[in-house]
Amino acid sequence: MIKCIASDMDGTLLTATQKITDENIEAIKAAQKKGVEVVIATGRSYFEASFVLEEAGISCPIICANGAEVRAADGKVVSSNPLDKDLAKKAAYILIQNNVYFEVYTNQGTYTVDEDRGVSIIVDIFLSGNPEADIDEVTKAAEERFKKGLVHKVNSYDELFNHEEHQIYKLLAFSFEPDFLASAKEDLLQLEGMAVSSSGDENLELTSVNAQKGIALEAFVKEKGISLLETMAIGDNYNDLSMFKRAGRSVAMGNADEIIKAQCDAVTSTNEDSGVAKAIWEVLE
């Protein structure tokens, strides 16, 4: 019997326009009503994740920034695993040297040094994965990150690296130049203590080696008195693999890469077709 359901957000729970379908909302609330613990496991910051969940009327714990932070349903920080700042600086230098754009996720929010580039890259990524989506709606969704204060602009990332009040949770890097990204990844993999994963072909997600979705999920269910065998994980990309390997039931989205699907127990429908809801109803029934 499944007692905990962990769901990724982008490409999984959310559509290309960053919405949660009515079917997904209904299924999540039905699971919660039956006493199933639902937790979101996302690469997003708490602020970006909670904003979308609140719009949908969903209240649940959130594993944020790939496990760098865990928050209870009321927003209280349960645990955190930040990156060593010297390590974060080295990673930033490698990305800059390879001309790869990146954002920095901290306990105070998400930051960029180039807002325009941030919007254009997010739009390109959404459209590459969902070519049928309306470009105006996708652009509006990407711009909302900045308009609603979910991403903040700084003149230099040194403002974050050199101040004690900022804990560095994650560096999220984007590039549509495969050679640039591959070169950066090769160097980043040499940094001891860093986990290098991705949520798409165009990005790299850099966290502490102890900040991974699977590790955070394992600690989460243990604290709840739930076994991993009683846990279902739903996702679509490489940063979901660590929880797929631990969960008793792993479910890949229909829009996931074939490599991801091959490593899961089941495959559900796409994110545009409420695949999360279908996976939930299957175990509830």
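Predicted model: local features only at pLDDT ≥ 70, side-chain atom pairs only at ≥ 80, totals over all residues.
Is R71 buried or exposed? R71 counts as buried, at 10% relative accessibility. The cut-off explains the label: buried means under 20% relative accessible area, so R71 falls in that class.

R71 has a charged partner. Its side chain meets that of E69 in a salt bridge, at 2.9 Å from N to O. E69 is buried too, with a relative accessible area of 2%. In general, side chains of opposite charge can pair when their charged atoms come close.

Now step back to the whole chain. The domain assignment gives two parts. Domain 1 is made of residues 4-81 and 212-284. Domain 2 covers residues 85-208. Their C-alpha centres lie 22 Å apart.

How many residues of domain 1 are in contact with domain 2? There are 22, and they touch 28 residues of domain 2. The size of an interface is often given as the accessible area lost when the parts come together. Here the two domains bury about 1,900 Å² between them. Carbon and sulfur atoms carry 55% of that area. On the side of domain 1, A16, E48 and F51 lose the most area to domain 2. Together they make up 25% of what that side buries.

On the side of domain 1, helix α3 (46-56) and strand β4 (69-71) each supply at least two of the touching residues. Helix α3 gives the most, with three residues. The touching residues of domain 1 divide into six nonpolar, eleven polar and five charged.

The structure as a whole has a count of eleven salt bridges. One of them joins R249 and E282, whose closest N and O atoms are 3.3 Å apart. This pair links distant parts of the chain, 33 residues apart. R249 sits in strand β13 (residues 249-252), and E282 in helix α12 (residues 275-284). R249 is partly exposed, at 21%, whereas E282 is exposed, at 53%.

Another salt bridge stays within one helix. K261 pairs with E258, the closest N and O atoms being 3.2 Å apart. The two are three residues apart in helix α11 (residues 258-261), so about one helical turn separates them. K261 counts as buried, at 17% relative accessibility. E258 counts as exposed, at 55%. Elsewhere, salt bridges that share partners join D8, K213 and D240 into one network.

Terms used
Residues numbered from 1 in each chain as written. Heavy atoms only, no water. Domains from an automatic or database assignment. Contact = heavy atoms within 4.5 Å. Buried area = accessible area lost by both parts, 1.4 Å probe. Helix = DSSP H or I, 4+ residues; strand = E, 2+ residues; numbered from the N terminus. Nonpolar A, V, L, I, M, F, W, Y, C, P; charged D, E, K, R; others polar. Salt bridge = Lys/Arg side-chain N within 4 Å of Asp/Glu carboxyl O. Buried < 20%, exposed > 50% of the residue type's maximum accessible area, 1.4 Å probe, protein only.
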